[in-house]
Amino acid sequence: MAQPEDNLLKKITAHAKEYGFIFPSSEIYDGLGAAYDYGQNGVELKNKIKNYWWKAMVQMHENIVGIDASIFMHPATWKASGHVDAFNDPLIDNKDSKKRYRADVLVEDYLAKLEAKIEKEVAKAEKRFGADFDQAQFLSTNPNVLRNQTKIDEISHRLGSSLEKGDLADVKALIEELEIADPVSGSKSWTEVRQFNLMFSTEMGSLAEGANTIYLRPETAQGIFVNYLNVQKSGRMKLPFGIAQIGKAFRNEIIARQFIFRMREFEQMEMQFFVKPGEELEWYEHWKAQRMAWHKSLGLGDDHYRFHDHINLAHYANAATDIQFQFPMGFKELEGIHSRTDFDLKAHEEHSGKKLRFFDHHTNESYVPYVVETSIGLDRMFLAVLSSAYQEETLEDGSVRTVLKLPPALAPYEVAILPLLKKDGLPEKAKEILAELQFQFNCQYDDKDAIGKRYRRQDAIGTPFCVTIDHESLNDGMVTIRDRDDLSQERVSIQSIQSKIAEKTAIESLLRKL
Ligand code: ATP
C-alpha cells in the first residue's frame, strides 16, 4: 500500500515501539531528545547488521583487522583531528518562533525543493514521450531544468565556500536572499548565524586532583588513527591494509529529529584503509564499488541507493562521496566514503611527536600512508532496513497484515516454533524441536492464542519461517513450515527443517554475492 512519506515514518516509529524494536530513551520520564533504546527484537536485528558488516569487512579480508578502542581519548587527539577548533555546525534561531535550526540544512532543504522540481519535470516528460524519452538529452536541453540546475549549482557552491571560509555573515545573507522562511511559523526574521561545537565534554578525575576536560568521541575514526602503529607492528601488517571498528559516537546535534536518523548518541561502523601515497584514488573507487555491492546484496531495492559526490571537499579530503538511501523522508546520507589523504596521521605525528609511518622494504623509504575511509551509521542502516521492510499487505480474503519483509539473514529470529494446541503432547514435541534448532538459529517459542494470530505476530517482527507441530506430527514426524513472504505452507520432515531454514537465512548467501 503506498504511504505518504511522513505518515510512513510515524507508522514505522510506532511499530518499532509496539513490537520491541526501539523505545524512546527513559520514556517513563517523558524521554530524552534524540536518544533511543533498542528493545528485545531491535538488539537482535542490530547485532545481525553489525555481524554482516564485520564479516564482510573484516573476516572476509586477509588484510583488514578490527579493534575496539575506548570512547574516552586523550584530549590532544581532538585538537590534532581539528574537532576542537572546527567540528561546528552553523546555528541560526528564528526570532519569532524561537526555534533553532542548522543554517546549512535550511539552505539544503531549499535545494532539495529545486531538485524535486527537476524530478517532476522529468517524470512529466517521461509520461509524455513514453519509450522515446531520452533523459540525458532532456536534462541537458530543457530550459526549466537548466535554469533550476544552474541555481542549485550556484547556491551549493556559495554555501560550501562560505562554510569553508567560516564566512557566517554570508550564510545568513544567502538565507535572506533566498527568502527562506521558518518551516514551522513561516517567519523570515532570523538571528545571526553562530558556530556551535558538536562535541560533548565532561571531566575526568576528581576536582581535588585537578580535573581535565575530556570529550566523548564524536567519531570512531580517531581511535583507529592513534592505534595505527600498534596494529601495524603487532600484526606485521603491510600496505595496503585496513583497521575496522564498530562503536558509539556522540554529537550534540542542534536539531535531532526523524527518529533514529539523527541521534545524539549513535553507533558507527568504520574502516580506515591505509595505502601507499598516490594509490588512494584507485582504492577510493574500489571501496565505493565494494560498499555499494554490500548494500545491494541485502535486496532492499537497487533503486533505493545513489552516490552523492561532494563538490565542496573538506580540507583533508581529495575525494568524497555519500551513499544515499531512499528513507521515508527522501534520499539522505547513509554512508560516507572519503579519501582523507595523510591528513590525520600527519596531524597526530605533529601533536604527539611520534612517527606514524610505514617502512617500505621494496623502495627502502618510509612515509605516512594515505587513508581511504568507509563510515556508516549503524542506526541509519537499521532505519534503512526497517523502513524498506515495513509493508501493509492486503491478503486474498481482504484482511490487511503488517509484515516486516526483512532480509531473512538479518531477521531477529529465523524461526518460530508453534505447537498447534497447548495439550496432547504437542508442546513437548515442539520443545524437543526447539532444543535442537536453538544450537543454530535464534528461535521463538509461542503457544498462546489461535495459530492465525501467532502467524501475524511473527509477520510483525519479520520471522521468515514458522514451524507448526500438530497431532499428525506425533505419528508421522512431519511438520508444517510457513513462509513469511509467499505464505506458502509445506509439509516437511522434522529432520529437514534445519537445512530448509539455513538455505534461506544463512549470512553466507549474502557474502557470496559480494
Ligand atoms: P550528516 O551530514 O547527516 O550530519 P555527517 O556527514 O556529519 O552526517 P559523518 O561524519 O560522515 O556524517 O559520519 C559517518 C556516518 O555516521 C554518516 O553517514 C551517518 O550514517 C552516521 N551519522 C553521523 N551523524 C549521525 C547522527 N547524529 N545520528 C546517527 N547517525 C549518524
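Helices, in what follows, are DSSP runs of H or I with at least four residues, strands are runs of E with at least two, and both are numbered from the N terminus. What I am showing is a predicted model, in which local features need pLDDT of at least 70 and side-chain atom pairs count only at pLDDT 80 or more, while totals for chains, interfaces and linings use all residues. Residues are numbered from 1 along each chain as its sequence is written, and side-chain values use heavy atoms, with hydrogens and water left out.

Let me begin with helix 14, which covers residues 426-437. This helix has twelve residues and reaches 17 Å from its first C-alpha to its last, close to the 16 Å expected at 1.5 Å a residue, where the expected span is 1.5 Å times one less than the number of residues. Which residues of helix 14 are buried? They are Leu426, Pro427, Ala430, Ile433, Leu434 and Leu437, with buried meaning under 20% relative accessible area, exposed over 50%, and partly exposed in between, using a 1.4 Å probe and protein chains only. As a general point, an α-helix has 3.6 residues a turn, so residues three or four places apart point the same way. On the face of helix 14 turned away from its buried side we find the exposed residues Glu428 and Glu436.

And what do the buried residues of helix 14 pack against? Their partners are strand 19 (415-419), strand 20 (443-445), strand 21 (465-469), helix 16 (471-476), strand 22 (478-483) and helix 17 (497-505), with contact meaning heavy atoms within 4.5 Å.

That brings me to the cysteines. A search of the whole structure finds zero disulfides, a disulfide being a pair of cysteine sulfur atoms within 2.5 Å. Cys443 is in no disulfide, and the nearest cysteine sulfur to it, that of Cys466, is 12 Å away. Cys443 counts as buried because its relative accessible area is 12%, and Cys466 counts as buried because its relative accessibility is 1%.

Next comes helix 12, residues 343-352, which is where Asp344 has its place. In this helix Asp344, Leu345, Ala347, His348 and Glu349 are buried, and the buried residues pack against helix 3 (75-80), helix 9 (221-225), helix 10 (228-234), strand 10 and strand 13 (330-341). Asp344 itself counts as buried because its relative accessibility is 2%. Not counting residues up to four places away in sequence, Asp344 touches Gln222 and Phe225, and a polar contact of 3.4 Å joins the side chains of Asp344 and Gln222. By a polar contact I mean a pair of N or O atoms within 3.5 Å; within protein, one must be able to donate a hydrogen and the other to accept it, and residues adjacent in sequence count only if both atoms are side-chain atoms. Just after helix 12, Gly353 takes a positive phi of about 75 degrees.

Now to the ligand. Of the 16 residues around it, Glu253, Arg262, Met263, Glu333 and Leu334 come nearest, where a residue is near a molecule or strand if one of its heavy atoms lies within 4 Å of it. A polar side-chain atom of Arg262 lies 2.8 Å from an oxygen atom of the ligand, a backbone N or O atom of Met263 lies 2.8 Å from a nitrogen atom of the ligand, and a polar backbone atom of Leu334 is 2.8 Å from an oxygen atom of the ligand.

I will finish with two loop residues. Gln258 lies in the loop between strand 9 (241-250) and strand 10 (265-275), and Gln258 is partly exposed, with a relative accessible area of 23%. Leaving aside neighbours within four places in sequence, Gln258 is in contact with Leu9, Met329, Lys332 and Leu383. How far apart in space are Gln258 and Thr13? They are 9.4 Å apart, C-alpha to C-alpha, although 245 residues separate them in sequence.

Thr363, in turn, is found in the loop between strand 14 (358-360) and strand 15 (365-367), and its side chain is joined to that of Glu365 by a polar contact of 3.1 Å. Thr363 and Gly31 are 332 residues apart in sequence and 58 Å apart in space, C-alpha to C-alpha.
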